[in-house]
Amino acid sequence: MNGTHAMLSHFPVGFWALATLMILVGVFLSGRLAELSRAALLPVLILSLIGGLAAIIVGFLVWPMEANLASPLTRNHILMSFWSLGIYTMITVLVWKAGDAAFDGNRRWALVILALTGGLMFSAAGTLGGHLAGAATAFSDVLGLMGWEVYTTFYSPLWVSAVMVIIGIALGALGIMNRRKKG
Ligand code: HEM
């Protein structure tokens, strides 16, 4: 089962990397490649979510919870895998609901910001998994340069969470106001 998690985890990592690239190509390039990227994004995103869920479920089946929670490295790995799943779920809902219009006008910036944030999250999840399996990479040092020492449980101060909630409410209000203006 240990090997099953290692094998399955390649699916979300691969599909999330591909989806991120397709979003960037779809937003910043024009022509056939950009069109194809936009058209094929939704199936890639759906496959990525299935892969992510499978890796997470098998992760919880393989290792006992007490063992998982005892190690800051594993806690961080689980946290990052959940953040990745959450962010790519949001992107999937956006693309599902809006279709091609998700790439129109200012809307596309939401996709770009989410894709880059998701990219950072799944890279952290994968690199911490490698770290756990005894194969640390230079990316752990990059996280260190950003102020996160991966052997300590990820911590964000309360004020950061408060700012995030305020930004979320402000963006929601902006969306509702824009919709009213148009309708
Ligand atoms: C999207 C979700 C996840 C991804 C992409 C992911 C990715 C990875 C990767 C790439 C590895 C290294 C595998 C290897 O080369 O041997 C790994 C290892 C590991 N993962 Fe995950 N993982 C995810 C979710 C989870 C969850 C939810 C748990 C625990 C509940 C978990 C626990 C572990 C542990 C304990 C290892 C170390 C395995 C070993 O010592 O060989 N992972 N993970």
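**Figure 1. Octahedral site of the iron atom of the ligand in a predicted model.** The site of the iron atom of the ligand has 6 donor atoms with angles of 86 to 179 degrees among them, where donors are N, O and S atoms within 2.8 Å of the metal (3.2 Å for Na, K and Ca) and six donors count as octahedral if opposite donors are over 155 degrees apart and all others between 65 and 115. The protein donors are His5, through NE2, and His77, also through NE2, lying 2.0 Å from the iron atom. Because histidine 5 lies in helix 1 (residues 2–8) and histidine 77 in helix 5, the pair ties together parts that are 72 residues apart in sequence. Both histidine 5 and histidine 77 are buried (under 20% relative accessible area, with exposed being over 50% and partly exposed in between, for a 1.4 Å probe and protein chains only). Residues are numbered from 1 along each chain as its sequence is written. In this predicted model, local features need pLDDT of at least 70 and side-chain atom pairs count only at pLDDT 80 or more, whereas totals for chains, interfaces and linings use all residues; side-chain values use heavy atoms, without hydrogens and water.

**Figure 2. Helix 5 and its two ends.** The 27 residues of helix 5 (a DSSP run of H or I with at least four residues, numbered from the N terminus) should span 39 Å at 1.5 Å a residue, which agrees with the 39 Å between its end C-alpha atoms; the expected span is 1.5 Å times one less than the number of residues. Just after helix 5, glycine 99 takes a positive phi of about 60 degrees.

**Figure 3. The largest nonpolar core and isoleucine 23.** This core, a set of buried Ala, Val, Leu, Ile, Met, Phe, Trp, Tyr and Cys residues joined through side-chain atoms within 4.5 Å, has 31 residues, and those with the most contacts inside it include Ile23, Leu41, Met80 and Leu111. Helix 2 (10–28), helix 3 (32–62), helix 5 (72–98) and helix 6 (107–132) each supply at least two residues of the core, and helix 6 gives the most, with 9 residues. Leaving aside neighbours within four places in sequence, isoleucine 23 is in contact (heavy atoms within 4.5 Å) with Leu41, Ile91, Phe103, Leu111, Val112 and Ala115.

**Figure 4. Alanine 135 in the loop between helix 6 and helix 7 (138–145).** Alanine 135 is partly exposed, with a relative accessible area of 45%. Its C-alpha atom is separated by 30 Å from that of proline 157, 22 residues apart along the chain.

Notes: A polar contact is a pair of N or O atoms within 3.5 Å; within protein, one must be able to donate a hydrogen and the other to accept it, and residues adjacent in sequence count only if both atoms are side-chain atoms. Four donors count as tetrahedral if all angles lie between 85 and 135 degrees; four count as square planar and six as octahedral if opposite donors are over 155 degrees apart and all others between 65 and 115; anything else is irregular.
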